[in-house]
Amino acid sequence: MIEQEFADLYPLSEENLVEYLPDIDCRECGFPSCAAFAEALIGGNTKCSQCPEVDPEMAATIDALMEFHLPAIAYNVMMESFSPGLMHVGDPDTSSPVLVTGNFQDTVGLLEDILNTCGIRAFLLMSDTKGYSVDNAVVEKRFTPFEILKVITETEVGSLLSHRNLIIPGLARHLAGQIKQTTGWEVAVGPISGLELPLYLLKEVFAQQPA
């Protein structure tokens, strides 16, 4: 009997989660440290709303992600793909982020589910990775600046925006400079885990708000 292998979906870790907590170890949540609180959240033993120092929107997003169940994706469907293009998640506007991903069907569907669960409005720019998931596409050199430029041009996504900023997956970090040079767009490097993406986007929004 052949044992079925499944794709690595990079679940949220305690180390990921603690980046979005206050890191002041105030103990008002009932735990001795933010790290211990993050561990309890991952284990399903508390709610982020228990921490009075976390912004309510961030807390609600963390709680939603803790209840999100990652599906098992078998390797035998790894080449099923969407046509390269642009997907609207929620009702994005001219200031919404543009998230670059591959065109592996299950990756796109999973990202859409995660973003919708957290109420995040965004554009998903699906580059032609020949059906590879992002991690495999990076290894196989299918996640390329040229294909990203091509899908930007073909979808005319720039006409929908008031900015020229892309967010690429953390696994493609080493390509950020090449993507910026090829496309002419600013490039930010997002997290490796798709589950962390809503938290990353919220943190960026908070960072841009005036003090």
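Which residues does Thr46 touch, not counting residues up to four places away in sequence? They are Phe31, Phe37, Ala40 and Leu41, where contact means heavy atoms within 4.5 Å. Please keep in mind that this is a predicted model, in which local features need pLDDT of at least 70, side-chain atom pairs count only at pLDDT 80 or more, and totals for chains, interfaces and linings use all residues. Residues are numbered from 1 along each chain as its sequence is written, and side-chain values use heavy atoms, with hydrogens and water left out.

**Thr46 and its loop**
- Thr46 sits in the loop between α2 (34-42) and α3 (56-66); helices are DSSP runs of H or I with at least four residues, strands are runs of E with at least two, and both are numbered from the N terminus.
- Thr46 is buried at a relative accessible area of 16%, since buried means under 20%, exposed over 50% and partly exposed in between (1.4 Å probe, protein chains only).

**Positive phi in two other loops**
- Asp25, in the loop between α1 (14-18) and α2, is not a glycine, yet its phi is positive, near 50°.
- Asp25 is partly exposed, with 38% relative accessibility.
- Lys141, also not a glycine, has a positive phi of about 60° and belongs to the loop between α5 (134-139) and α6 (145-155).
- Lys141 is exposed, at 67% relative accessible area.

**Strand β1 and its partner**
- On strand β1 (residues 85-89), Gly85, Met87 and Val89 form the covered face, while Leu86 and His88 form the uncovered one.
- In a regular strand, side chains alternate between the two faces of the sheet.
- β1 pairs with strand β3 (residues 122-126) in the antiparallel sense over 5 bridges; pairing requires at least two bridges found by DSSP.
- Val89 has Ala122 as its bridge partner in β3.
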